[in-house]
Every structure is written in C-alpha cells, then in structure tokens.
Amino acid sequence: MTKVVIDPITRIEGHLRITCEVQNGKVVDAWNTTTLFRGFEIFMEGIDPRDTWHYAQRICGVCPNPHALNSAIAAERAMGVGSVPDNARLTREMLQACQLGYDSILWFYILNAFDYVNVPDVLNAKTTDPQLMAIQDQVKAIATSGQVNLFSNHYWDHPGYKLPPEINLTLTAHYLQAIEAQAAANQAAAVLAGKFPMIMTMAAGGVVQLPNLSDVNYYLDRMGIVKEFTEQVMWPDLLAVAGAFPELGTFGQGVGNYLTWGLMDAKSQKPEDRVFPPGGIFNGQLSVKPVDPADARLYTHYSYYDDAMGQGKKPFDVGQKEIQFTQYPPIEGDALPSGKYDWTRAARYPDPTSGKDVPMEVGPLSEVLVAYVQKQPEVVKYVDEVLAALGTPGKPAPATVLLSNLGRVAARVIKARINMDHAAGWANDLLANIKAGDTECFTPPDVNRTGEGISGYDAPRGALSHYCRISGGKTTKYAAVPASNWNLAPRDDSGQRGPVEAALVGTPVVDPAKPLEILRTVHTFDP
Amino acid sequence: MTVTERSSPVRGLSRRDFLKYCSAIAAAIGAGPLGVGKVAEAIAQAVEKPIVVWSDFQECLGCTVALLQATAPTPAQLILQQISLAYSEAAMAPAGFDAEKSFDQAFQQGTYWVIEGSIPQKMPSSMYVGGKYAGDIVKEFYPKAKGVIAIGSCACFGNVQAREPNPTGAMGIRAWLRGPGGMPDAQVVNVARCPGHPDDLVATLVYILVNGKLPELDSQGRPVFLYGQTIHDTCERRAHFEAGEFVEQFGDAGSLNRWCLYKVGCKGPVTYAPCAINRWNGRTSWCIHSGPCTGCSEDNFWNKFSPLRSPVPNIPIPAIQGVSAETIGVGLAAVTAAGLVVHLVGQVATGRLFKGGPSSDEKGGEQR
C-alpha cells in the first residue's frame with residue numbers, strides 16, 4: 001500500500017487536499033479535505049435581505065455571478081417577489097452568459113491544460129511560424145533564466161505527457177489566446193455590471209441598472225470574440241485532446257448519480273422551461289426524475305461539525321455553527337484519514353426508488369446527461385458530434401463512454417458552446433423590449449415581510465442553491481449548498497464516498513511520486 | 001538595453017506601447033511626466049526579473065481572477081516577461097510537495113510576496129496549506145521576503161469573513177503580523193478593494209522597483225499615491241449630485257438617466273479609491289456605471305457601511321431639493337463619522353492635510 005497526499009491541489013478555486021491509497025498501480029480509496037472555512041452562513045444571519053447577494057458572491061471569486069443570482073432570487077422570493085421584469089431576467093442571463101463564457105475557457109486552458117500539455121517540450125517543436133517561434137523564445141527565456149517559475153518542479157517527464165512537441169506548442173499558443181478571450185467575456189460583464197469579478201448591478205427584485213444601447217452593443221462585440229474562440233479554438237482542441245487520450249474514457253466514473261437544478265431561464269422564469277432543464281439520474285439508469293433544491297440533505301459525521309448538525313437535515317435546518325474541529329489527517333506516515341476529515345458538509349439527495357439519501361455528481365456532465373436523456377436537440381447535436389469524433393467513420397462511440405473523466409471534459413465544452421449559441425439572443429431580446437418601450441427592470445421587494453425563498457440555478461461547476469428566511473427586515477436564516485458540497489462531499493453518515501472520492505477509486509497511478517492521473521481526475525470536476 | 005534604443009525592452013509590446021505603458025505607470029505612482037524615463041529604465045534594466053510569490057489564504061480567488069483581467073500589461077506580459085511568478089496555486093503546473101519546493105526556492109532566491117486572503121486568528125484550523133497554519137506561514141516567511149503586498153480587502157483588512165461576528169477571527173496580514181505575529185513594526189502595503197485591482201499591484205511593484213522603498217502609506221496602510229481621493233470627488237455622476245438629481249429607486253427614470261446613486265446607498269462620499277481613474281476590466285467600466293459603491297476599499301466596510309442599501313448620513317446634499325440628509329439614515333451616523341475621522345487622522349499623519357513629514361509609523365518603510 002502506498003499513501004499519496006497532494007496538498008495543495010493547485011489550479012483550482014479554494015484550498016484542497018487529496019489523500020489516496022494506491023495498490024498495484026491503482027487508487028483503491030480516496031479522501032478529499034477542504035482546508036478552508038469562512039462561516040458565510042453564520043455572518044449572513046441578521047443582515048438586510050436586500051444585501052445578501054453582495055455577500056454571497058464573495059463565496060467564490062471565480063463564479064460570483066451565479067452566487068449573486070441565486071442569492072438575489074432566494075431573497076426576493078422571501079420578500080414576496082415571485083418573478084422579475086423580463087429585462088431583469090435578460091440582463092441576469094447576459095451576465096451568466098459572460099460568466100460561463102469566461103469560466104469554461106479558464107477551466108479548459110488555465111486550470112486543466114497543464115495536465116495534458118507539456119510546456120517545456122515546446123522547445124523541441126519544429127516550426128517556421130514567427131508567432132510560434134516567439135512563444136518558443138519566451139519559454140526558452142524562462143526555462144534558462146535560473147529563476148523559479150510557474151513551470152518549475154513539475155514532473156514533465158511523466159509518460160502521461162505524450163503529445164508531440166508541435167501539438168504542445170500549438171496548445172501553448174492557445175493557452176495564451178485563452179487569457180485574452182476570457183478577459184473579453186468579463187469586459188462584456190463589466191459594461192453591464194460595473195466590473196468582474198464582484199458585479200454591481202444585481203438587486204433582489206431585478207437589476208439596478210437597465211443596460212443602455214451602447215452597453216448592449218459592447219456586450220455583443222465582446223461576446224463575439226468569445227464565441228469565435230469557443231467554436232474555432234476550444235472545440236477543435238477538445239476533439240483533439242479527447243482523441244489523443246482515449247484512456248480518459250476508462251476511469252473516473254464516479255457515483256453514477258447525476259443532479260442539476262438547470263440553467264438559462266426562458267421567459268416564463270420556470271425551472272422546467274430552462275435551456276438546461278432540472279432533473280436527477282439515479283444508479284446510471286437513463287431516465288430523469290424531478291428534483292427540488294428544497295429536498296437537498298446534509299450530513300456531517302465526517303465533517304468538522306457536530307454530528308447532530310447534519311444527519312440528513314434540509315438546508316434550512318442545518319447551519320455551520322456547531323463547529324467541532326478535531327484534526328487534519330496526517331500527511332506523513334502511513335496513517336489514513338479516520339474520523340472527521342473535511343470542512344465540507346456532505347450533500348445528498350433521496351433516490352426516489354430506494355428512498356435512500358445518495359451522493360450526486362453535479363456539473364456539466366450532469367446537465368448534459370439530463371438534457372440528452374430528454375432529447376434536448378441542442379445538446380443531442382453536440383453530444384453526437386463528440387461521439388462521432390471518438391468513434392470510427394460511420395460508427396460513433398457509445399454514449400456510455402461519457403460516464404468518465406472524458407465525459408466531464410467534453411460536457412464542459414458542450415455547455416460552453418450552447419451558452420455561446422444563446423449569448424446574443426438574450427441581448428437581442430432585451431433590445432426588442434427596449435425598442436417596444438419596455439424599460440422596467442426592478443420590482444420593489446417588501447423587506448419587512450416574514451417569509452422564505454429558495455433558488456436553484458447551476459453555476460459553471462454545477463448545482464448551486466441558496467436558501468433565505470427573513471423576518472423584521474433581517475435574514476433570520478441563510479444557507480448555501482454550492483457544487484463543492486456535492487462533488488467534494490466527504491463520506492456521509494452511512495459511509496458512502498463523495499463523487500470526487502468515488503471517481504478517484506480505480507484511477508491508475510503509474511508512479512505514486514508523480515500522481516498526474518490523480519490531478520487529472522480531480523480537475524475534471526473543476527473543483 | 002536602454003530606452004534610447006529603437007526597440008521595446010518588453011517582448012510583445014511595441015516601443016510606442018511600452019512608453020505609453022511606462023507613462024501610465026509613472027502617472028499612477030505620481031512620478032509625473034519626467035518620471036517616464038525613470039520608470040522605463042527601471043523596467044528595462046531589471047535584467048533579473050523580480051521574483052514574485054502569490055499566496056492564497058482565506059479568500060475566494062477573486063483577486064487572482066481580477067489579475068487575469070488586466071490589459072496593461074496583460075497577464076501574459078506580466079507573468080511571462082516582466083516578473084518571474086514562482087508560486088500561484090491557481091496558475092502553477094506543480095501541486096503538493098512539488099509546489100512547496102517552488103515556494104521554498106523562491107524565498108531562497110529572493111522574492112516579493114503578494115498575499116491574497118486573510119488570517120483566521122480565532123480559529124487557526126480554518127486556513128491551512130500543506131499542513132501548515134496560514135498565520136505560521138506568514139510569521140515564518142515575512143522576514144525573508146523583499147517586500148509584502150496584501151492584495152484585496154481580505155489580506156488588507158479581513159473583508160467579508162470579518163463581518164460580525166467574524167466566526168474565524170479573520171484579520172488582514174498587517175494586523176496579524178503586528179498583533180498575534182509579534183512584529184509591531186511590520187510593513188505591508190495594502191492594495192485594497194474587493195477584488196484587488198491588478199493595476200494597483202503593478203503600480204506598487206513598479207514604485208518599489210523605481211524608488212527602492214515602499215510607497216508612503218495612509219492610516220490604513222494603503223499607498224497614498226493611489227488612495228488619496230474619494231469616489232465621490234472623481235465620480236462621473238457627480239454633476240447630478242450637485243444638480244440634486246438622484247436615483248430614488250432602482251429602475252426609475254433617474255436610473256435610466258444615470259443620475260446620482262447617493263440615496264440608494266452609494267458609499268462614494270466616504271470611500272477612498274482610484275476606481276474612477278483606473279476603472280476595471282481593461283478600463284472598460286467601473287462600479288458606478290451600474291450600481292452604488294459599497295466602499296470595498298475601506299477597512300471594516302461590511303460592518304461600518306451596513307446595510308449597504310442605506311444612504312451615508314451627514315453628507316450635505318445641495319439645497320436644490322431641500323432634502324435633509326439626516327432624515328435618510330440616522331442609524332449609521334456615528335460609525336460613519338468615526339470612519340471619516342480615522343481617515344482624516346490618517347491624512348494628518350501622512351502629511352497630506354498639514355505641512356510636515358509623515359509620522360514615523362506611517363511613512364514608507366525602507367525596502368527590506
């Protein structure tokens with residue numbers, strides 16, 4: 001038995017340790033440990049319900065927009081606003097489009113690419129392209145400077161780096177272009193919302209500011225750049241990487257349960273009408289069950305809270321106050337984690353067949369699967385394109401190949417493309433409303449009401465839900481169940497592993513001192 | 001290489017763009033038009049690129065994401081050509097023990113240290129990296145760094161997680177070092193705002209490189225050359241304030257005309273930051289374009305300015321509409337007035353209101 005500990009896991013949002021037990025070249029058990037706690041649900045109690053979204057977007061600086069959106073919706077529902085003016089919906093959707101446009105590129109290149117692309121190897125590439133040669137010069141200058149840099153101390157000699165030097169060079173060039181493309185998406189967000197990250201135009205009840213024509217025009221221009229990059233660079237890169245690393249389809253299967261609250265609101269503002277509809281898939285059976293964010297359950301037997309805080313309670317009934325930190329699992333020595341080992345609570349959902357609370361994978365793969373099973377035509381089109389590229393001419397790969405690391409990587413890019421297909425539509429609908437004389441963008445909420453509100457709307461990394469209860473002009477209870485509570489859940493009270501832990505089991509590790517494959521599996525979840 | 005040569009010392013930047021960039025930096029650090037050459041020389045002659053370690057503690061990664069949105073220089077120009085970024089958990093290739101090797105090597109080679117995120121004083125277990133408490137890491141490596149810059153309001157002041165009741169006891173880096181860290185003279189440059197602005201960081205780094213010392217700091221540890229003016233005094237909606245034209249409710253006619261946001265909670269009158277000057281996302285926009293300021297550059301702003309939706313009291317409104325400001329938000333009067341006094345004291349201390357040098361506590365420390 002070999003124990004492998006990676007702390008910090010780099011190229012993620014947040015602070016994460018992974019501990020794996022490796023036997024005969026494979027992971028046989030795994031534990032994820034979040035090493036950060038801030039206490040949002042504690043200090044958000046008592047604040048003005050109109051302010052919650054300002055706080056909530058600080059939960060994640062990579063994906064603040066969906067936190068702001070869910071928080072505003074939960075708070076406005078608690079304050080008696082059931083739906084917002086159509087212009088507010090469209091402005092909010094435009095902001096989510098910017099978020100997803102940037103975040104998909106950020107993940108594919110900046111967070112994920114170094115698991116596959118060997119940067120130092122670009123010096124071995126033969127090229128006469130002056131731009132590519134300039135990149136080689138830059139890499140050479142860094143490599144020979146003697147100064148420690150972002151590429152130092154990594155195991156570039158791992159056999160998993162198998163792309164030819166010329167492909168490594170091309171993908172490195174795309175990495176640099178990706179930085180500019182993601183920035184364009186956020187310039188579009190900034191013109192609608194002041195800045196990104198940490199937007200300014202959200203409001204419980206709608207949006208603060210109706211974008212003017214110049215704002216919308218600028219948004220369309222910037223998102224044009226993002227669309228072009230997504231279609232012409234990221235999509236072909238996905239197909240190339242998927243083709244070059246077929247083994248990605250053979251591990252990382254995970255828990256086999258998939259959950260999404262849906263995303264991209266239609267005019268009705270009803271979850272069931274969303275472009276990506278809500279739904280759950282249980283035990284790998286390809287039928288979709290209805291789901292409701294009110295029914296999420298939380299467990300804390302293995303988390304740094306009192307056991308009684310969780311025990312399957314719903315978010316409104318769970319908090320973060322009963323902290324019971326014991327110790328972090330040991331890094332050195334052979335001892336494996338035991339007892340409490342994670343700041344993250346374990347989110348679970350009741351399987352409608354067995355009634356048992358089970359771990360659920362969330363994220364683009366869940367969203368794509370739920371839509372694919374329901375034959376959502378946009379999703380079917382892109383999934384089929386990927387399966388055709390993975391198969392042989394006339395014989396596409398079976399859809400089951402997507403229940404893997406490969407599926408997670410592909411689904412992220414599929415989601416990105418569908419997002420970009422809709423990005424201009426939101427803006428054009430907004431322009432049509434304004435042209436027709438509709439400039440309404442805000443419904444005043446009743447801050448002194450007693451009530452509660454729930455919102456579930458998926459972030460780029462998956463299911464996200466917020467819960468807000470108010471009375472006397474203050475929040476009396478606030479809860480958030482982000483994607484990490486699902487994917488990075490530790491074991492629950494009955495010992496079931498969380499989705500990342502389950503996906504790690506079976507992951508091959510050719511050299512425990514260079515656990516590249518573990519990084520790959522973890523990164524497919526965009527943790 | 002010197003700037004008298006035809007080419008730009010920064011690859012990927014034309015000579016004209018390079019000088020434009022230097023002049024923006026010179027203006028930002030208060031070096032004036034004559035400072036352009038000095039800035040350009042400093043950058044061009046930095047044969048050994050400055051090594052930078054970027055650490056993350058109690059944060060949301062928003063400051064790192066903000067850095068990725070920079071345009072002058074772009075992140076690629078900055079990270080690949082102008083500095084040697086040795087350690088950033090968000091961007092680096094290695095992980096785990098290998099990443100820690102890069103951290104240690106950078107400090108052996110000599111590094112500037114940028115810190116994103118706060119230190120949990122009350123609950124050390126709530127922020128660990130590589131099996132070590134963030135506070136212990138800061139204490140051990142502060143003396144070994146060439147200079148420490150706190151990026152964003154978490155590292156400066158604790159920010160959102162320090163909101164009452166501050167469950168983890170989150171504090172800024174400077175406060176932690178000077179208090180629990182046992183180093184009362186510790187110098188940290190606070191590049192505030194939420195998120196921290198990449199242009200402020202670059203300007204601060206260049207200031208240090210050009211002048212060989214930390215910039216003059218105000219009472220909150222922020223560079224005076226960046227944080228000397230209020231949002232209100234530099235605001236594009238200021239004329240509407242003077243004309244008595246206010247947004248009364250989001251989405252109203254005043255809102256469509258982008259009138260003054262004071263009455264819907266804008267903290268611009270009591271917030272010191274260069275937002276109107278260097279704006280955001282490649283200078284595309286800034287908060288006031290789309291909503292009221294939350295005062296994110298100010299120490300303790302969540303506690304001091306809550307509820308964010310309420311107007312700041314005691315701001316004399318021009319008489320046109322005859323509205324008494326005190327009737328709008330009396331509850332906040334005491335705390336906000338106290339905040340203003342603190343800032344005024346800071347100005348006195350740094351010599352901006354009265355002649356005389358900065359006090360020994362607040363003047364720019366020599367580069368260590």
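At 0% relative accessibility, B:R193 counts as buried, where buried denotes under 20% relative accessible area, exposed over 50%, and partly exposed the range in between, with a 1.4 Å probe and protein chains only. The structure is a predicted model, in which local features need pLDDT of at least 70 and side-chain atom pairs count only at pLDDT 80 or more, whereas totals for chains, interfaces and linings use all residues. Residues are numbered from 1 along each chain as its sequence is written, chains are lettered from A and ligands numbered from 1 in the order in which they are written, and side-chain values use heavy atoms, with hydrogens and water left out.

B:R193 is placed in the loop between β9 and α9 of chain B, helices (H or I, at least four residues) and strands (E, at least two) being DSSP runs numbered from the N terminus. The phi angle of B:R193 is near 85 degrees, a positive value in a residue other than glycine. The loop between β9 (189-191) and α9 (198-211) of chain B also holds B:P195, and the peptide bond from B:C194 to B:P195 is cis, with omega near 0 degrees. A positive phi, near 60 degrees, is found as well at B:R283, again a residue other than glycine; B:R283 is situated in the loop between α12 (275-278) and α13 (301-305) of chain B and is partly exposed, with a relative accessible area of 44%.

Chain B as a whole contains 14 helices and nine strands, and 63% of its 368 residues count as buried. Among contacts (heavy atoms within 4.5 Å) in chain B between residues at least 6 apart in sequence, 70% join residues at least 24 apart.

The size of an interface is often given as the accessible area lost when the parts come together. Chain A and chain B bury about 7100 Å² between them, 60% of it on carbon and sulfur atoms, the buried area being the accessible area (1.4 Å probe) that the two parts lose on being put together, summed over both. Of the area that chain A buries against chain B, A:Q147, A:V148 and A:L150 supply 11%, more than any other three residues. In terms of contacts, 85 residues of chain A meet 84 residues of chain B.

Between the two chains there is one salt bridge, defined as a side-chain nitrogen of Lys or Arg within 4 Å of a carboxyl oxygen of Asp or Glu; the side chains of A:D215 and B:R258 form a salt bridge, at 2.7 Å from N to O. The elements that give two or more residues to the side of chain A that touches chain B include α4 (86-111), α6 and α7 (213-244), and the largest share of this side, 10 residues, comes from α6(A).

Within helix α6 (residues 165-193) of chain A lies A:I179, which is buried, with a relative accessible area of 8%. A:I179 and A:L106 are 73 residues apart in sequence, and their C-alpha atoms are 7.5 Å apart in space.
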